[in-house]
Amino acid sequence: MQCSLSRQQAVDIAMSMFDTAFFKALQEPARIAILRRLLLIGRADIALIAQGLPQERSVISRHLRVLEEAGILKATKEGRHRYFEVNGQVVLRQLQAMTSQVALVMHDCCPG
């Protein structure tokens, strides 16, 4: 199969996938811990999410905002409380898009 992209173009495309709000949000260990917590407990408010995490609630709140802005979490407001949950459809679409992009450039940037 003949290469349709230069190696530089293929690498640029592959690397651009990591330069998104979605992947930047996942580069922080505290946010990974929050995501893990939500995957384990399901829909929860900040008080429940914060249980067992070493960060102050204000720090957790900032991390939740980053995860929400990246589309990884969705939040609903009920009275004075905000409840967070993993936005499974968005996470799945992002990962599928990345897999599709990598498959398109794989032969150009990472042969063998």
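I count two residues as in contact when heavy atoms lie within 4.5 Å. Helices (H or I, at least four residues) and strands (E, at least two) are DSSP runs, numbered from the N terminus.

**Basis.** I am reading a predicted model, where local features need pLDDT of at least 70, side-chain atom pairs count only at pLDDT 80 or more, and totals for chains, interfaces and linings use all residues. Residues are numbered from 1 along each chain as its sequence is written, and side-chain values use heavy atoms, with hydrogens and water left out.

**Helix 3 and helix 5.** I looked up which residues meet. From helix 3 they are Ala30, Arg31, Ile34 and Leu38; from helix 5 they are Ile60, His63, Leu64, Val66 and Leu67. By class, I find seven nonpolar, one polar and one charged residues in this contact. Ala, Val, Leu, Ile, Met, Phe, Trp, Tyr, Cys and Pro count as nonpolar, Asp, Glu, Lys and Arg as charged, and the others, Gly among them, as polar.

Next I checked the axes. Axes are lines fitted to C-alpha atoms, for helices over the stretch in contact, and angles run from 0 to 180 degrees between N-to-C directions.

I find an open sheet of three strands, in the order 1-3-2, with antiparallel pairing. Strand 1 (44-45) and strand 2 are the edges, each pairing on one side only. Two strands pair if DSSP finds at least two bridges between them. Strand 2 (residues 73-78) and strand 3 (residues 81-86) are joined by six bridges.

Helix 3 lies across strand 1, strand 2 and strand 3, at about 90 degrees to strand 3. Helix 5 packs on the sheet too, touching strand 2 and strand 3. Its direction makes about 115 degrees with that of strand 2.
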